[in-house]
Amino acid sequence: MNNTAISLREKKAKGGKITMLTAYDYSTAKLMDSCGIDAVLVGDSLGNVMLGYDSTLPVTMDEMIHHAKAVVRGCENALVVADMPFMSYQVSVQEALTNAGRLMKETGAGAVKLEGGAEFCPQVEAMTAASIPVMGHLGLTPQSIRALGGFKVQGKEKDKAVKLISDALALEKAGAFSIVLECVPAELAALITGILTIPTIGIGAGKDCDGQVLVYQDMLTVSQGAKLKFVKRYCDVGSMMKNAFRSYIEETESGLFPAEEHTFKMDETVISELTRQYKARD
Ligand code: KIV
């Protein structure tokens, strides 16, 4: 792993933009890594896009570990950040530390990420003290979706914006090395980015964050739902996959696949002898 929590901070200091995408498996992570991505997030969004849950709430530590291990095996250079799932850090500082330790030890990830602000700073402090790099996550925090009442832009009103700014400062003070800002007005994200010395990574938070992150199924149009405003669809892999699946079904049913070039051959005399021998038994 050439990229680390420290190198991401250095990139901000030099004025560079940090690139991050989610991945949940070895092959996808390897492709991203080979393209020079700075960081790969094993997001608990895997609950939605890989496991078919209707939120991130059911995702377990074991599921996170299973996927994060595969992603780590695919990354030579990218920093791998593993999400702490719902209720793995909220109950107590001790549980949070134990679970963050499991993510680091059992997967080989280079950092963990957790959602929430000042209320979780004791957890961030304890992890940082134990040499576990922590990425924060503010704004629209999907683990709080039931409390937030849906997927809405966060921080538009002055009091909410003030809370977001003070949460960001508190996370920085507690030792977080970076903060994801999700669905925050661009002007507020720019203000927070200017105030903090640690990098902000935006998703639906405008162009002035120090970096960007997207869920890869969204940017490749593998997700079949309506397009989210903040997502740019770079290509339509979903349609390409469906076309390929349809062609495979048609060609298999019609006998066009497998063709000569997909077929193994054996010595003709051997198969003739075997055919004579076994046909003779009929
Ligand atoms: O779980 C996830 O994919 C995330 C990103 C949306 C930042 O937290």
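Axes here are lines fitted to C-alpha atoms, for helices over the stretch in contact, and the angles between N-to-C directions run from 0 to 180 degrees. Helices (H or I, at least four residues) and strands (E, at least two) are DSSP runs numbered from the N terminus. The model is a predicted one, in which local features need pLDDT of at least 70 and side-chain atom pairs count only at pLDDT 80 or more, while totals for chains, interfaces and linings use all residues. Residues are numbered from 1 along each chain as its sequence is written, and side-chain values use heavy atoms, with hydrogens and water left out.

We can start with helix packing. Two packed helices are described by the angle between their axes and the distance between the axes. Helix H4 (residues 61-74) packs with H5 at an angle of about 35°, their axes being 9 Å apart. The crossing of H4 and H5 is right-handed, a term that applies when the near helix is turned clockwise from the far one by less than a right angle (anticlockwise is left-handed). Contact (heavy atoms within 4.5 Å) brings Met-61, Asp-62, Met-64, Ile-65, Ala-68, Lys-69 and Val-72 of H4 together with Asn-99, Arg-102, Leu-103, Glu-106 and Thr-107 of H5. Sorted by class, these comprise six nonpolar, two polar and four charged residues; Ala, Val, Leu, Ile, Met, Phe, Trp, Tyr, Cys and Pro count as nonpolar, Asp, Glu, Lys and Arg as charged, and the others, Gly among them, as polar.

H5 (residues 93-107) also meets helix H6 (residues 121-129), with axes that come within 9 Å and cross at roughly 45°. H5 is therefore oblique to H6 (angles under 35 degrees count as roughly parallel, over 145 as roughly antiparallel, 65 to 115 as roughly perpendicular and the rest as oblique). This crossing of H5 and H6 is right-handed. Val-93, Ala-96, Leu-97 and Ala-100 of H5 touch Pro-122, Gln-123, Ala-126 and Met-127 of H6, a contact with seven nonpolar, one polar and no charged residues.

An oxygen atom of the ligand lies 2.9 Å from a side-chain N or O atom of Lys-113. For Asp-44 the corresponding distance from a ligand oxygen atom is 3.1 Å, and for Asp-83 it is 3.2 Å.

Two loops deserve a look as well. Cys-183, in the loop between strand E6 (178-182) and helix H9 (186-195), has a positive phi of about 50° although it is not a glycine. The peptide bond from Phe-257 to Pro-258 is cis, with omega near 0°, and Pro-258 sits in the loop between helix H11 (237-254) and helix H12 (268-280).

Note on methods
Polar contact = N/O pair within 3.5 Å; in protein donor to acceptor, adjacent residues only side chain to side chain.
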